[in-house]
Amino acid sequence: MNEFMLTEINTERCLLRPWRVEDIPLVPPLADTRDISWNTSFRFPYPYDEEAAKNMIHWSRDGAGENKWQFAVFSDEELAGGCGAIRGSGVETHTATVGYWLGTAWWGKGLATEIVAALVRYMREETDVEQLTASCFGWNPASRRVLEKTGFAHEGMRRGVVRKWGKTTDLWIYGRPL
Ligand SMILES: CC(C)(COP(=O)(O)OP(=O)(O)OC[C@H]1O[C@@H](n2cnc3c(N)ncnc32)[C@H](O)[C@@H]1OP(=O)(O)O)[C@@H](O)C(=O)NCCC(=O)NCCS
């Protein structure tokens, strides 16, 4: 087994560990809401069924520990969400893009800040990645705040490049060295 699959990251309130196949049925009850999909790429669909969870978990395990570091997030022993990083390609191979989401019941408690800070630390200490990137939709101030609180700087905007469910907004680009 790939050593990455044994990773466990403990934060004050959460455990982050790579996704497992047995997590598949746990994901839709948490992820099947417009509130999450509204702020994420089409990789995070709505409705979100077991097929979507299966696809996500199999995707997360392909290249895990080399080009992808994707974690299920547990709090109080319950699945609370997910976070992770994906290595860039070509001239961006030394970088990775981070992403994160939580079930709505877990919002507003500082958990995203806690898990993104832990992810940043992990990427710095355990991988060869030198720089992190992130992007948020214009209508997602909470996510921008999470990035600011975890040491990311606002690097620019791609105007009007996001269109979801008929609405258009800017993509805010963030970055931080490791
Ligand atoms: C974005 C998300 C991860 C935030 O999770 P969270 O655990 O609630 O975040 P935190 O509590 O750590 O921090 C949120 C910060 O945003 C602030 N915030 C929340 N709503 C806000 C709003 N409408 N306007 C401005 N700031 C806002 C909070 O006050 C907090 O900042 P503070 O600590 O300075 O007060 C969560 O809402 C989510 O999963 N959303 C859907 C998926 C998503 O957006 N993923 C990120 C894609 S880029």
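Predicted model: local features only at pLDDT ≥ 70, side-chain atom pairs only at ≥ 80, totals over all residues.
Residues are numbered from 1 along each chain as its sequence is written. Local features need pLDDT of at least 70 and side-chain atom pairs count only at pLDDT 80 or more, while totals for chains, interfaces and linings use all residues; side-chain values use heavy atoms, with hydrogens and water left out.

Around the ligand stand 22 residues, and Tyr100, Gly108, Thr113, Asn140 and Lys149 come nearest. Helices are DSSP runs of H or I with at least four residues, strands are runs of E with at least two, and both are numbered from the N terminus. Oxygen atoms of the ligand lie 2.7 Å from a polar backbone atom of glycine 108 and 2.8 Å from an N or O atom in the side chain of arginine 145.

Aspartate 170 lies in strand S8 (residues 167–177). Its side chain makes a polar contact with the side chain of arginine 159, at 3.4 Å. Such a contact is a pair of N or O atoms within 3.5 Å; within protein, one must be able to donate a hydrogen and the other to accept it, and residues adjacent in sequence count only if both atoms are side-chain atoms. A polar atom of the aspartate 170 side chain also lies 2.8 Å from the backbone nitrogen of glycine 160.

Terms used. Near = heavy atom within 4 Å.
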